[in-house]
Amino acid sequence: MVQSAKPTAPIWCPGCGDFSLLAAVKKAAANLKIPAHDLVLVGGIGCSGSIHNFLEVNGIHALHGRLLAQAVGVKLANPHLTVVAAGGDGDGYAIGMGHFMHAFKKNASILYIVMNNETYGLTKGQPSPTSQIGFEGNIEAPFDAILSALSIPAPNFLARTFSGDPKTMTAVLEEAIRFNHEHRGFAFVEDLSPCVTYNDTYKLWREKVVDVSKLPGYDPTDRKSMFRLYLETTEAGKIPIGVFHRPAEVARAGLEAKLLGENVGPARSEISVESNLAAYQKLLAGVA
Amino acid sequence: MTTPASRTGPISGESGPAGTPPPIELADLSVMIGGQGGDGTLTVSDLLGRYFRKCGLYVYTSRNVLSRIRGGHADASVRASRDPISAVKPEVDVLVAFDNEAVEMGRAELAAHGYVIYDSTGFHVDLPNASGFPFATLVGGPLGQPIFKNTAAYGALSVLLGFDVAKTREVIEERFKRRGGEALEKNLKALEIGRKAALEVTGLAGRFSVAEGDAHDLILTTGNQAVALGFVVGGGRFFAGYPITPATEVMEYLQRYLPSFGGVVRQAEDELAAVNMILGAAYAGARVMTSTSGPGLSLMTEGIGQAGTAEIPIVVADCQRVGPSTGQPTRHEQSDLSHLANLGHGEYPRFVIAPSDPADCFSMTVEALNLAEKWRVPVILLLDQALCQNTATSARFDLGRAHVDRGKRLTAADLPQMTEYKAYRFSDDGISPYAAPGTPGLWAEITGNEHDEWGHVSVNPTNRVRMMKKRMGKMVQARDDLPPCRLFGAPDAKVGLIGYGSTSGPILETQAILAARGVKTRYLQARTVYPVPVHEIDPFLKSVDVAYVIEHNYTGQFARLLRETLPWHHAKLRSILKYDGYTFRTPQIIAGIPEVA
């Protein structure tokens with residue numbers, strides 16, 4: 001057995017919501033029997049983005065806001081890998097907003113987890129894109145990632161979990177990763193992960209969360225009805241959690257499957273000149 | 001090169017009326033075509049290029065267009081010669097004008113024997129050696145659309161230059177066959193309309209003749225196409241880019257080439273995404289590249305820094321244009337070097353290598369991929385607009401010398417010899433063996449944070465110093481792997497010339513002109529520009545009394561870099577600079593050398 005990098009101890013504050021998420025990712029990977037060498041965790045910048053250090057996986061620490069672009073690059077290069085990108089709400093919805101919206105369009109079969117705590121924790125409590133009006137002087141409307149994601153007509157898997165409910169979280173992550181394994185496309189899970197130091201929302205969120213699957217008319221294959229259900233719930237002052245979009249089965253709708261078919265992908269292609277000689281000769285002969 | 005006398009005669013075509021003077025034979029001719037965007041000047045340029053290639057001539061074409069699709073002045077020039085060429089000819093032999101601006105711009109460069117053919121539909125040219133034809137009107141009636149006027153102009157031109165009729169038609173057939181029946185048929189009709197009109201003008205037919213050459217089996221290609229081909233042959237399988245002039249064609253060619261090799265090309269949402277997608281793919285073990293120009297390079301800078309410190313092998317092709325900001329998107333400059341040498345915040349190793357012509361672009365792209373993966377650094381392929389977009393004849397690219405060197409890449413086969421896998425293991429040469437994710441039994445932490453050998457975040461000062469030395473040392477360790485300079489001219493010359501990129505073309509032609517005048521020069525073409533190859537440039541500068549660094553920017557960026565790196569040669573270095581958006585013409589270089597001017 002060759003010794004690879006060992007996980008380090010989490011740097012998070014005691015009670016941080018990110019601990020639940022870390023435990024759920026571990027459990028989901030174990031339940032799905034994904035070997036460490038086949039699992040890539042792309043971390044963003046911020047407290048939550050350091051999660052890749054705390055797991056026995058291939059970890060890559062992306063630039064601030066760019067984790068989705070890097071995660072898509074990993075998946076397209078080697079579609080065999082399980083790719084999980086994980087970061088915070090500042091990383092994903094502020095500096096990374098451009099890539100965030102495009103990730104739904106692209107529909108690569110990766111899982112993106114945003115640990116949303118409605119603040120910039122690592123830089124000590126500034127308002128983030130999801131901060132409520134009034135938080136640390138915030139006067140801008142909070143961004144709703146699920147609502148935005150529902151507006152893009154792509155066959156993505158969309159869910160929200162709550163760090164106060166780790167059991168449901170594991171089940172949702174497992175489903176999301178299975179969705180990726182079937183090359184069906186992009187899975188997005190927003191985890192409500194309170195920052196106990198700068199924005200402790202545990203109590204408030206525990207009161208406000210509503211399991212969307214328990215609501216009348218719940219049908220995650222029907223975007224239109226989910227929009228309505230979601231808006232009705234939020235306008236009633238509640239926070240919906242659960243699966244919001246679970247597209248009817250579309251075989252291999254994932255970007256990597258559309259581009260590569262059954263090819264092994266750029267990272268595993270045989271690239272020696274000798275093994276491609278005839279094709280290269282043909283390519284160069286076509287240049288006039 | 002020499003051509004047997006028996007083969008230098010004019011190409012058969014219509015001869016002029018009896019009693020007219022013999023044709024002026026052109027062995028090195030330049031045709032400039034100018035008009036409004038949408039007039040089809042580039043098509044005429046393409047047709048001429050194809051014709052001259054059929055005649056076994058070397059060809060070099062350049063274009064001067066605006067960053068818009070319709071309207072605005074655009075011109076193109078086609079040069080053909082019996083000898084190898086790699087620059088725009090300072091003189092124009094024939095000018096084809098679709099607007100008055102073309103005449104205004106071109107007449108200054110028109111040779112004494114030069115001739116102007118213009119579309120008299122909209123304007124009149126008051127020059128003795130000029131013939132106007134209402135091309136737009138001539139084709140507009142029978143063909144229904146004036147757009148065929150460019151092909152009619154090509155027809156008139158074929159008469160003026162004494163082209164072979166069959167070959168002239170073949171060129172049209174080759175160019176338009178893919179568009180199908182009607183386009184081809186109408187273009188052939190337009191060709192005849194142009195030819196007929198020209199034949200009716202006394203003294204026009206056969207005024208010139210074009211020498212035939214023996215340069216067969218060459219290809220006519222651009223640097224951008226060569227980079228794309230080099231990328232495929234070098235094992236590149238993942239490309240992400242964002243459209244930007246003059247780099248876009250690299251992506252477009254790869255969209256055609258890569259899928260059949262199991263490769264992936266993505267047009268990203270911006271340059272930030274493009275560089276980060278290739279970072280992810282390279283981390284996953286693919287050979288990757290992006291291509292961009294100044295504004296995109298600025299956006300990619302943070303990502304290139306991550307490649308340097310996280311040791312992720314990426315190749316970035318920088319097709320330089322006039323900057324900063326939007327600058328002049330379609331014009332030529334070499335003004336990114338200072339940025340590239342100091343690229344980004346913090347310090348990290350990078351190799352900046354600069355090909356000079358399409359063949360060099362092909363082989364150096366292969367080399368860039370090898371260097372990046374072997375040394376686990378970002379490699380910048382430094383190109384410039386003229387190199388990227390001008391076409392030049394070239395020998396067929398040499399597959400024989402292409403090879404893929406994956407360096408110390410680990411695979412499952414290496415496992416039995418290993419006890420531990422540290423992705424940032426310290427080593428004598430600074431290279432840590434790397435296992436891509438998915439290699440059974442191995443995993444790692446890869447990060448742009450400062451890290452220890454395992455990839456764990458580290459603020460330990462001793463580790464920081466060792467890691468900095470490991471990474472920065474690559475720029476010294478890799479010295480003998482980096483593309484070597486090329487030296488041209490007399491070893492005992494006392495006047496030195498230094499340049500890189502497409503500027504090599506006009507520099508080499510300048511050198512030939514000076515040699516013919518009995519003036520010896522020696523030219524050092526730098527192919528690695530950063531880190532500065534002191535071991536090559538120091539002996540060169542020792543051997544000369546003065547060296548002119550010839551480059552396209554205002555501040556003399558390469559000269560400044562040389563002065564900084566080789567301060568003991570400070571007094572020998574002079575600059576010849578041009579930053580008007582156009583490439584050097586040989587007289588402009590000669591004028592900058594007081595020893596010979």
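The questions and answers below concern a predicted model, with attention to chain B.

Residues are numbered from 1 along each chain as its sequence is written, and chains are lettered from A and ligands numbered from 1 in the order in which they are written. Local features need pLDDT of at least 70 and side-chain atom pairs count only at pLDDT 80 or more, while totals for chains, interfaces and linings use all residues.

Reader: What is the mean pLDDT of chain B?

Author: pLDDT is the predictor's confidence in each residue, from 0 to 100. In chain B, 96% of the residues reach 70 or more. Residues 1-17 of chain B stay under 50. The mean pLDDT of chain B is 94.

Reader: Which helix of chain B gives the largest share of the side that touches chain A?

Author: Two residues are in contact if their C-beta atoms, placed from the backbone, lie within 7 Å, and 61 residues of chain B are in contact with 51 residues of chain A. Elements that give two or more residues to this side of chain B include strand 9 (218-222), helix 7 (223-233) and helix 10 (294-310); helices (H or I, at least four residues) and strands (E, at least two) are DSSP runs, numbered from the N terminus. The largest share, 9 residues, comes from helix 9 of chain B.

Reader: How many residues on the side of chain B that touches chain A are charged?

Author: Ala, Val, Leu, Ile, Met, Phe, Trp, Tyr, Cys and Pro count as nonpolar, Asp, Glu, Lys and Arg as charged, and the others, Gly among them, as polar. On this side of chain B, 34 residues are nonpolar and 19 are polar. The number of charged residues is 8.

Reader: Are the residues on the two faces of strand 10 of chain B buried or exposed?

Author: In a regular strand the side chains alternate between the two faces of the sheet. In strand 10 (residues 238-241) of chain B, B:Phe238 and B:Ala240 lie on one side and B:Phe239 and B:Gly241 on the other. A residue is buried if 20 or more other C-beta atoms lie within 10 Å of its own, exposed if 12 or fewer, and partly exposed in between, with C-beta atoms placed from the backbone. All four named residues are buried.

Reader: What is the bridge partner of B:Phe239 in strand 11 of chain B?

Author: Strand 10 of chain B runs parallel to strand 11 (residues 264-267) of chain B, and 4 bridges join them. The partner of B:Phe239 in strand 11 of chain B is B:Val265.

Reader: Why is B:Pro128 counted as exposed?

Author: B:Pro128 is found in the loop between strand 6 (110-119) and strand 7 (130-133) of chain B. B:Pro128 counts as exposed because the number of other C-beta atoms within 10 Å is 6.

Terms used: Two strands pair if DSSP finds at least two bridges between them.
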